[in-house]
Amino acid sequence: MKNNQKDKKMKLHKKCPECESSEIYATLVSARGGCGQDLLPGVGGLFNGGEFELYVCGKCGHSQFYVPEKMLDDVQKKFIRVNSVDTSH
Ligand SMILES: [Zn+2]
C-alpha cells in the first residue's frame, strides 16, 4: 500500500500515475492570475510573486502542481498549517 503512494508523484518519478506513460512535460506557471488574484499570497517576494511547477502527462493530460522547493520557506512562514504539530495520537 505504501509503495503505491510515492508512485503518484510525477515530479519525482517522471511517470503518470493514471496511465503509466513516461511522457511527462513540465513548466513554470505564475501563481498570479491576470486579474490580480494571487494563489500563493506572500510567496516569492514583492516583484516576482509565487510560481508553481506544473507537470502534465502528454498522453492523458493528467496534471500536478508543485510549489518549488525554494518557495516552501515562505509557505511555512505565511500559510496556516492545518494539522497539529502534536502527532502523538
Ligand atoms: Zn497519463
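What percentage of the 89 residues in the protein chain do buried residues make up, and where is glutamate 69 found?

A: The model is a predicted one, and in it buried residues make up 11% of the 89 residues in the protein chain. The protein chain has 3 helices and 3 strands, which follow one another along the sequence in the pattern α-α-β-β-β-α. Of the contacts in the protein chain with a separation of 6 or more, 49% are accounted for by residues 24 or more positions apart.

The strands form an open sheet of 3 strands in the order β1-β2-β3, with antiparallel pairing. Its edge strands are β1 (24-30) and β3 (63-66), each of which pairs on one side only, and the twist from one strand to the next averages 25°. Between β2 (residues 51-57) and β3 the antiparallel pairing runs over 4 bridges, and within this part of the sheet leucine 54 stands opposite phenylalanine 65 in β3.

Glutamate 69 itself is found in the loop that lies between β3 and α3 (72-78). There it counts as exposed because 8 other C-beta atoms lie within 10 Å, where the cut-off for an exposed residue is 12 or fewer.

Conventions
Residues are numbered from 1 along each chain as its sequence is written. This is a predicted model: local features need pLDDT of at least 70, side-chain atom pairs count only at pLDDT 80 or more; totals for chains, interfaces and linings use all residues. Helices (H or I, at least four residues) and strands (E, at least two) are DSSP runs, numbered from the N terminus. A residue is buried if 20 or more other C-beta atoms lie within 10 Å of its own, exposed if 12 or fewer, and partly exposed in between; C-beta atoms are placed from the backbone. Two residues are in contact if their C-beta atoms, placed from the backbone, lie within 7 Å. Two strands pair if DSSP finds at least two bridges between them. Axes are lines fitted to C-alpha atoms, for helices over the stretch in contact, and angles run from 0 to 180 degrees between N-to-C directions.
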